[in-house]
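Please read it alongside the sequence and the coordinates.

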Amino acid sequence: MGEANEGHGIMLYDTVWKGARLATMAGDGAGDGAGNGIGALDHGVIAAKDGVIVYAGPSANAPALDAKQVIDCEGRWITPGLIDCHTHLIHGGDRAAEFEMRLDGASYEEIARSGGGIVSTMRATRAASEDDLVATALPRLDALIAEGATTVEVKSGYGLDAATEIRMLRAARRLGTERAVSIATTFLGAHALPPEYAEDADGYIALLCDEVLPQVAALGLADAVDAFCEGIGFSVEQTERMFAAAARHGLPVKLHAEQLSNLHGAALAARHGALSADHLEHLDEAGIAAMAASGTVATLLPGAYYFVRETKLPPVAALRAAGVRIALATDCNPGTSPLTSLLLTMNMGATLFRLTVGECLAGVTRNAARALGLSDRGTLEAGKRCDLAIWDVERPAELIYRMGFNPLHARIWSGQ
């Protein structure tokens, strides 16, 4: 094994992982319950060069695997690196006091209308510097990384003015320079009404569309645009204005939809070719049909469902029957899902929403990548990024079955 072999037609790989069992998650999952198959291989091998998978498959079919480094996985399972496709990781302060209020019987809407909720976090976020925002987010990010996350989406939405929204997005981008992880950023200016626009939602949407989003786009700080389409958020008409503005700047859209009521936001998102519609507890058949037709991913957020003690389940069986791809995410945020564990998210997805093991794993790999518009990751296939999670488990079901236990053996990001 050596450099000279490259001159004789044999590729010299950077790293080969042998003796592995693979959950390749290969295939697009369409029409099979949003991605049941995990593509299990008992005797597998992965070879990578320059941060890209060159071969992933049975060891018996592998080409000559000459490599700078060969790692014996000793029968461990390898999955794609995990992807958290919906987080609010960047924010100031916390909302533990509101948690107490909720335990005493206050509803999410009552807390929001009394000056708490998103606006409470807005005040703390506006008071924080970029350095403060990065420093407080890093422990949350580190918790995700420690469980095998290699890609994490981060939204703005707690600034609600141009300066702070931009500061949040800059802080989010910096997370990707502070840690070996891919960060996808989403502009969520339409998250709540700031106090200065308390009686003028249309005026605030105009500010976002005409002033804030153009600045964000010019600075290259956002990979997508999101909005909160809800009675305590923004109307369908206001959301559509945000989507039109996103299209003018060439940015894809996603949407917080049907969490507390059915405003038909998911159908709106689907009409605009949204990457995903998220939450969806109150989603109806028309919304499901629209999402199925458009390929919009249903991102379910069991942490928020659990934390706010929701009782209306998202229509998982109907989504499954329609072939809508299902992603899972932590929704890590200070008010309704202070969750930094994709492993626990999968357990909640199974126990609360009755997702299968395959659906849970697809939800934090292949379908999560699709929910971010990232076609270069989420499966173990030639040509995909070499983002891997190597697990000390006997079967993939252990990743969903256990609570409060982390069997990660090693995490590989871009081949390293």
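What volume does the second largest pocket have? The volume of the second largest pocket is about 250 Å³, and of the 14 residues lining this pocket, Ser 107, Tyr 108, Leu 260, Val 308 and Glu 310 are the closest to its centre. Two or more lining residues come from each of α2 and α10 (302-307), and by class the lining divides into 6 nonpolar, 3 polar and 5 charged residues.

This is a predicted model, in which local features need pLDDT of at least 70 and side-chain atom pairs count only at pLDDT 80 or more, whereas totals for chains, interfaces and linings use all residues. Residues are numbered from 1 along each chain as its sequence is written, and side-chain values use heavy atoms, with hydrogens and water left out.

**Pockets and cavities**

On a 1 Å grid over the protein atoms alone, a cavity is a set of points where a 1.4 Å probe fits but cannot get out, while a pocket is an open set with protein on both sides within 12 Å along at least five of seven lines; lining residues have an atom within 4 Å of a point. Grid points are joined across faces, edges and corners, and a volume is the space filled by probe spheres set on the points. For the classes, Ala, Val, Leu, Ile, Met, Phe, Trp, Tyr, Cys and Pro count as nonpolar, Asp, Glu, Lys and Arg as charged, and the others, Gly among them, as polar. Helices (H or I, at least four residues) and strands (E, at least two) are DSSP runs, numbered from the N terminus.

The largest pocket has 17 lining residues, of which Ala 112, Arg 113, Val 119, Leu 193 and Ile 232 are the closest to its centre; the elements giving two or more residues to this lining are α2 (108-113) and α3 (118-126).

The model has 2 cavities of 30 Å³ or more. The largest cavity is lined by 13 residues, with His 88, Tyr 108, His 191, Asn 333 and Thr 336 the closest to its centre. The lining of the second largest cavity includes Pro 80, Ile 83, Arg 377, Arg 385 and Asp 387.

| Space | Volume | Lining by class |
|---|---|---|
| Largest pocket | about 380 Å³ | 10 nonpolar, 5 polar, 2 charged residues |
| Largest cavity | about 120 Å³ | 4 nonpolar, 7 polar, 2 charged residues |
| Second largest cavity | about 40 Å³ | 2 nonpolar, 5 polar, 3 charged residues |

**A helix pair**

Helix α6 (residues 201-218) packs with helix α7 (residues 236-248) at an angle of about 5°, their axes being 10 Å apart (axes are lines fitted to C-alpha atoms, for helices over the stretch in contact, and angles run from 0 to 180 degrees between N-to-C directions). The two helices are therefore roughly parallel, a term used for angles under 35 degrees.

**Loop residues**

Glu 74, in the loop between β4 and β5 (77-80), has a positive phi of about 55° although it is not a glycine. Leu 160, in the loop between β7 (149-155) and α5 (162-178), likewise has a positive phi, of about 60°, without being a glycine. Glu 74 counts as exposed at 60% relative accessibility, whereas Leu 160 is buried at 1% (buried means under 20% relative accessible area, exposed over 50%, partly exposed in between, with a 1.4 Å probe and protein chains only).

Conventions:
Parallel < 35°, antiparallel > 145°, perpendicular 65-115°, else oblique.
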